[in-house]
Amino acid sequence: MYAIGFDIGSSSIKAALVERKSGKSVALVSEPSVEMEITAVQNGWAEQHPDDWWKHVCSATQRLISENKVAPSSIEGIGISYQMHGLVIVDSDGLPLRNSIIWCDSRAVAIGQRAFDQLGNQQCADRLLNSPANFTASKLRWVQENEPELFNRTYKFMLPGDYIAYKLSGTINSTISGLSEGIFWDFRQNSVANWLLEHYGIDENLVPELVDTFSTQAYVSRQGASESGLAEGTPILYRAGDQPNNALSLNVFNPGEVAATGGTSGVVYAITESLSSEESTRVNNFAHVNYDKSNTRIGKLLCINGSGIQYRWLMNNLDVTDYEEMNALAASVPIGSDGVTIHPFGNGAERMLNNQTLGTRMSNINLNNHNKAHLCRAALEGIAFSFVYGMEIMTSDGIDPGVIRAGNDNLFRSDIFSQTIATLIGQEIEIYNTTGAIGAARACELHHGDFKTFGKKLMDNDYVMGFKPAENTAPYLKAYQNWKNELQQLLHT
């Protein structure tokens with residue numbers, strides 16, 4: 001028997017088929033074959049139609065069933081991971097009223113900042129654990145201010161994963177974790193933040209019904225079965241945003257456990273039981289997947305926009321074949337890149353740098369002595385140093401990492417990158433070969449609450465290797481301090 005997991009991204013929909021008993025991945029597919037389009041009517045806007053996600057969920061499901069010759073009735077559970085912070089609004093017939101305003105859309109930044117100042121920075125930090133910023137609640141307020149006719153027809157708002165669950169089942173609901181990522185949740189009162197809704201002029205009736213993250217949330221309807229290929233009555237057993245789900249996929253649930261991701265952007269996601277929000281403008285705080293009113297589990301999320309995109313840019317602009325060649329070139333250069341430094345902040349404003357936009361800076365290049373190998377090493381080190389710098393911010397906010405786990409993605413495949421981070425933070429990094437879709441499928445078992453068995457299955461199926469701190473830390477510390485000194489100069493110019 002099987003579970004199916006969906007990862008609703010902005011570039012593609014991934015679907016995984018997993019054996020329920022063993023947790024072993026059977027198959028993974030991605031739809032469409034080319035990246036999904038993002039509509040940008042104005043600079044800083046980013047939209048997708050939610051029915052495009054649904055179309056690709058259906059085609060991915062049908063492929064898994066057909067290519068693996070499994071009966072729909074043998075799929076006993078559905079898990080959903082999804083791009084965070086998006087907004088879907090539907091009318092009373094459940095039809096989308098407009099494109100979804102997705103996570104990378106920045107139109108509501110000013111709205112969130114005004115609310116932060118008007119409501120009081122301390123109240124927002126204490127009760128929301130965040131600034132309203134550019135999150136879902138602020139995007140909904142933007143619709144109210146700029147598209148009042150559509151807003152007045154809105155029956156419910158949803159997050160992207162809520163919409164996919166609705167299309168499967170015909171039932172509209174959400175989770176505490178989901179509402180917290182939209183900045184709709186008051187952690188002090190353990191309830192919907194009615195005072196924020198009132199400030200934004202949003203009727204509480206627009207909030208979906210709440211269900212537990214690990215629970216029988218709904219069942220596939222006749223129409224959902226007809227369109228997707230799943231069996232009618234299949235239960236939806238799990239739903240979470242992509243970063244909490246990535247942490248789940250790496251068995252990160254408890255205080256001191258940290259999940260790291262090194263994709264286009266980099267993410268450090270650490271678990272705490274503290275409601276401290278000292279760094280609420282630089283670090284996001286959300287209810288983790290195993291949060292409930294009696295079990296405070298907060299995911300502190302720090303994002304580094306200029307991460308993998310920096311290394312990819314370098315590959316595209318150097319005469320190299322692939323990342324493996326770049327990594328080999330980097331290994332031919334000593335720690336510290338013979339003084340060459342790269343600050344990889346060329347992917348827009350960096351929240352952890354108080355929303356400053358520095359751009360990528362390449363420094364100390366000697367045209368007689370340095371070559372592309374130095375640039376490759378300096379890029380890997382600069383991205384690794386950015387992770388370490390982010391970890392220092394999180395440490396100042398009360399995070400004490402005991403274990404760090406990462407997916408086996410492009411950056412963490414590099415010995416230089418992983419070894420640099422492990423050495424500077426004094427902590428082994430464990431590497432696992434898993435994906436968000438696989439994690440979402442496996443999470444279907446957690447409505448039984450057996451987290452210990454879940455973790456064992458992950459170790460048995462996915463562990464790749466570990467990177468321990470180097471014995472000689474001096475050259476790493478010297479290179480990092482040099483990089484950090486230069487960063488401070490950039491931040492104050």
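## A pair to start with

Ile4 stands opposite Leu17 in strand β2. This is a predicted model, in which local features need pLDDT of at least 70 and side-chain atom pairs count only at pLDDT 80 or more, while totals for chains, interfaces and linings use all residues. Residues are numbered from 1 along each chain as its sequence is written, and side-chain values use heavy atoms, with hydrogens and water left out.

Helices (H or I, at least four residues) and strands (E, at least two) are DSSP runs, numbered from the N terminus, and two strands pair if DSSP finds at least two bridges between them. Strand β1 (residues 2-8) pairs with β2 in the antiparallel sense over seven bridges, and four residues lie between these two strands in a hairpin.

Strand β2 is also joined to strand β3 (residues 25-31), running antiparallel, by six bridges. Here Leu17 stands opposite Ala27. The hairpin of β2 and β3 has five residues between its strands, and Gly23 in the turn has a positive phi of about 80°. Five of the seven residues of β2 (residues 13-19) are buried, so this strand is largely enclosed by the rest of the structure. Buried means under 20% relative accessible area, exposed over 50%, and partly exposed in between (1.4 Å probe, protein chains only).

## A seven-stranded sheet

Further along, seven strands form an open sheet with mixed pairing, in the order β17-β18-β16-β15-β21-β22-β23. Its edge strands, β17 (284-287) and β23 (463-467), each pair on one side only.

Within this sheet, β16 (residues 266-272) and β18 (residues 298-304) run antiparallel and are joined by seven bridges. The bridge partner of Val268 in β18 is Leu302.

## Nonpolar cores

Now for the cores. A nonpolar core is a set of buried Ala, Val, Leu, Ile, Met, Phe, Trp, Tyr and Cys residues joined through side-chain atoms within 4.5 Å. In soluble globular proteins, nonpolar side chains tend to be buried together. The largest core here has 55 residues, of which Tyr311, Phe387, Tyr389, Phe412 and Phe417 touch the most other members. Helix α13 (residues 372-396) gives the most to this core, with 14 residues.

Not counting residues up to four places away in sequence, Tyr311 touches several residues, including Tyr323, Met326, Cys376 and Leu411; contact means heavy atoms within 4.5 Å. A second, separate core has 52 residues, including Phe116, Leu128, Ile176 and Ala287.
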